[in-house]
Amino acid sequence: MSATDGIHLTDVSVVRGGRAILDGISLDMTERRVALVGRNGSGKSTLARVIKGLIRPDAGTVRLYGIDPAKRDFGSLSVAGFLFQNSDHQILCPTVLEEIAFGLTENAVPQAEAERTTLALMEAHGIAGWRDRAVSTLSEGQRRLVCLLAVLVMEPRVLLLDEPYTGLDIPTRIRLDAFIAQLPQQTVMISHDPDTVESFDRVLWIDAGRVRADGAPADVLPAFLAAMQAEGQADSAWSA
Ligand SMILES: Nc1ncnc2c1ncn2[C@@H]1O[C@H](COP(=O)(O)OP(=O)(O)OP(=O)(O)O)[C@@H](O)[C@H]1O
């Protein structure tokens, strides 16, 4: 397996308050669609943030297609895109055009070129008419699409999606699911809903900062569901 192909973590640990919230994780991910499942507080978001380079690990190395995502150059910033669970954590600009173009303009792409590229992407997704719309006037589903296009405009090789379906109605969720499924990017998605990751190539069950199970959905999800149901009925359910 080549280190320039896919996502590679070697002995990655993240320590906060004297506690390892990621505990020596080593993973080679070359599958197109990888799901992260696990209880609240198990470390899924921290792992996704480490892969994006938003958190530099206290130990170990992370490489995405041969690139250290935590370096601050254009290649590192654009190798992976992160779709936050809450659009409010992602949206920075008043209008849709500015929001989608932000990554380009921030990275010194000339304004006219950034606008051209952004409008072409918006056109391709049938939302060119939103160019001057205030992002604050969009519905949550529309905002999720804007955030996703703001990520895709950077042409990342890896997409990190933190519970992308939260708060969406069923038709919007089906539409977003189909949209995400046809994207060419390698995708790592956090989900609390096993149904949404049944068709993925690989599922990683994260538990207390470690990988508890790793394999095809049919191998990992039944055991995960059974454990979640058992833990939900146990007295210690709030203690994670
Ligand atoms: N900066 C921090 N300082 C201290 N503890 C932290 C910090 N960031 C995360 N943690 C802790 O690390 C653990 C893992 O958090 P993380 O957000 O990665 O979990 P998660 O699996 O994504 O949870 P959820 O499903 O609730 O989003 C939690 O116990 C959290 O409280």
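Which residues are around the ligand? In this predicted model, they are Arg16, Gly17, Ile21, Gly38, Asn40, Gly41, Ser42, Gly43, Lys44, Ser45 and Thr46. Sorted by class, this shell holds one nonpolar residue, eight polar residues and two charged ones. The element that gives the most to the shell is helix α1 (residues 44-52), with three residues.

**The protein as a whole**

Let's step back before looking at the parts. The secondary structure comes to seven helices and nine strands. The C-alpha trace spans about 55 × 40 × 35 Å along its principal axes. For 240 residues, a compact globule would have a radius of gyration near 18 Å, and the protein agrees because its own value is 18 Å. Buried residues account for 35% of the 240 residues. If you take the contacts between residues at least 6 apart in sequence, 65% of them join residues at least 24 apart.

Now back to the helix that lines the ligand. Is α1 largely enclosed or open? Eight of its nine residues are buried, so the rest of the structure largely encloses α1. The buried ones are Lys44, Ser45, Thr46, Leu47, Ala48, Val50, Ile51 and Lys52. Just after the helix, Gly53 takes a positive phi of about 90°.

α1 lies across β1, β2 and β4, and runs at about 60° to β2. Those strands form an open sheet of three, in the order β2-β1-β4, with antiparallel pairing. Its edge strands are β2 (19-29) and β4 (59-64), each of which pairs on one side only. On average, neighbouring strands of this sheet are turned by 20° against each other, direction ignored. As a reminder, strands of a sheet pair through backbone hydrogen bonds, either parallel or antiparallel.

**Strand β3 and its partners**

Strand β3 (residues 33-37) is another enclosed element: five of its five residues are buried, so the rest of the structure largely surrounds it. Arg33, Ala35 and Val37 point one way from β3, while Val34 and Leu36 point the other way. β3 pairs in the parallel sense with β7, and it also runs parallel to strand β8 (residues 202-207).

| Strand pair | Direction | Bridges | Example pair |
|---|---|---|---|
| β1 (residues 7-16) and β2 | antiparallel | seven bridges | Val12 and Ile25 |
| β3 and β8 | parallel | four bridges | Val34 and Arg202 |

**A closer look at Ile190**

Ile190 is found in strand β7 (residues 186-190). Why does Ile190 count as buried? A residue is buried if 20 or more other C-beta atoms lie within 10 Å of its own, and Ile190 is buried because 21 other C-beta atoms are within 10 Å.

Which residues does Ile190 touch, not counting those up to four places away in sequence? They are Leu36, Lys44, Ser45, Ala48, Leu161, Asp162 and Glu163. Finally, the C-alpha atoms of Ile190 and Phe84 are separated by 10 Å, although the two residues are 106 residues apart along the chain.

Methods:
Residues numbered from 1 in each chain as written. Predicted model: local features only at pLDDT ≥ 70, side-chain atom pairs only at ≥ 80, totals over all residues. Near = placed C-beta within 6 Å. Helix = DSSP H or I, 4+ residues; strand = E, 2+ residues; numbered from the N terminus. Nonpolar A, V, L, I, M, F, W, Y, C, P; charged D, E, K, R; others polar. Rg over C-alpha atoms; globule rule 2.2 N^0.38 Å. Buried ≥ 20, exposed ≤ 12 C-beta atoms within 10 Å, placed from the backbone. Contact = placed C-beta atoms within 7 Å. Pairing = 2+ DSSP bridges. Axes fitted to C-alpha atoms, helices over the stretch in contact; angles between N-to-C directions.
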